[in-house]
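Okay, thanks for having me.

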Amino acid sequence: MATEVKALVFEVPALTYAYEALEPYIDAQTMHLHHDKHHQAYVDNANAAIAKAPELAGKSGEEILSNLAAVPEAVRGALRNNAGGHVNHSMFWSIMGPNAGGAPSGLIGEAIVQTFGDFAQFQEKLNDAGVKQFGSGWTWLALGSGGLQVLSTPNQDNPISQGLQPIMGNDVWEHAYYLKYQNRRAEYLKAWWNVVNWAEVNKRYEAALKK
Ligand code: MN3
């Protein structure tokens, strides 16, 4: 008899702010469904996949996603999607907050100006990648060997699987905005800048520079 692996590998992190804290830009109902239901489903599915590949237990989501080729084929797709969903959403909650937004300062602020000309051009580029992502996915700022770049990914794919380090990303799945913005993804993307926690984004950037 095979023994079942019962250890929970991944857990949804608690929000560090109230569900309604991102109003009026992101409504409390969306936050409840997105954090408590959607993210939980990714975590449950990722844990179920890990239970079938116990050699992966103890690895972080980032480790798994950075080397998908090393993941047993039977669970590779499940972990690409669900460890991806877990890593992406954990970042997402952490880079948002109340009393946030504005222009970035610190090293990330300087790097954005250096790379994209100014903050407004960067915003436009990230929004544009989000609008043009066909179907579900994410729009990202990531650090690669050539510096900062904007990209989009489908589904729950994370730039880490392409050898890039994700600095910040916005969720363009309809579940992220449909209750409040319906089909108006561009409007959601514009509003989202009001809840970006730049101190956290800067922390991620500084950590990525050291890797
Ligand atoms: Mn989502």
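So, where does the largest pocket lie? Domain 1 (27-94) and domain 2 (106-209) both give residues to its lining, so the pocket lies between them. Those domain bounds come from an automatic or database domain assignment.

Quick housekeeping. This is a predicted model, so local features need pLDDT of at least 70 and side-chain atom pairs count only at pLDDT 80 or more, while totals for chains, interfaces and linings use all residues. Residues are numbered from 1 along each chain as its sequence is written, and side-chain values use heavy atoms, with hydrogens and water left out.

Back to the pocket. It holds about 280 Å³ of space. By pocket I mean, on a 1 Å grid over the protein atoms alone, an open set of points where a 1.4 Å probe fits, with protein on both sides within 12 Å along at least five of seven lines; lining residues have an atom within 4 Å of a point. The grid points are joined across faces, edges and corners, and the volume is the space filled by probe spheres set on them.

There are 14 lining residues, and the closest to the centre are Glu 62, Ile 160, Pro 166, Arg 204 and Lys 211. Helix H3 (73-94), strand S3 (165-171) and helix H8 (198-209) are the elements that give two or more residues to the lining. Elements here are DSSP runs numbered from the N terminus: helices are H or I with at least four residues, strands are E with at least two. By type, the lining splits into six nonpolar, four polar and four charged residues.

Now the aromatics. Rings of Phe, Tyr and Trp (the six-membered ring for Trp) pair if their centres lie within 6.5 Å, and planes under 30 degrees apart are stacked, over 60 edge-to-face, the rest tilted. That rule gives 14 aromatic pairs. Take Trp 138 and Trp 140: their ring centres are 5.5 Å apart with the planes at 20°, so that pair is stacked. Trp 138 is buried at a relative accessible area of 0%, and Trp 140 is buried at 0% too. Buried means under 20% relative accessible area, exposed over 50%, partly exposed in between, with a 1.4 Å probe and protein chains only.

Trp 192 and Trp 193 make an edge-to-face pair, 5.5 Å centre to centre with 65° between the planes, and both are buried.

Last, some backbone. Glu 23 and Pro 24 are joined by a cis peptide bond, omega about 0°, and Pro 24 sits in the segment before helix H1 (28-52). Then there's Asn 99, not a glycine, yet with a positive phi of about 50°. Asn 99 is in the loop between H3 and helix H4 (106-116) and is exposed, at 84% relative accessibility. Gln 182 also isn't a glycine and has a positive phi of about 50°. Gln 182 is in the loop between helix H6 (178-181) and helix H7 (185-192), and is partly exposed at 30%.

Conventions. Ala, Val, Leu, Ile, Met, Phe, Trp, Tyr, Cys and Pro count as nonpolar, Asp, Glu, Lys and Arg as charged, and the others, Gly among them, as polar.
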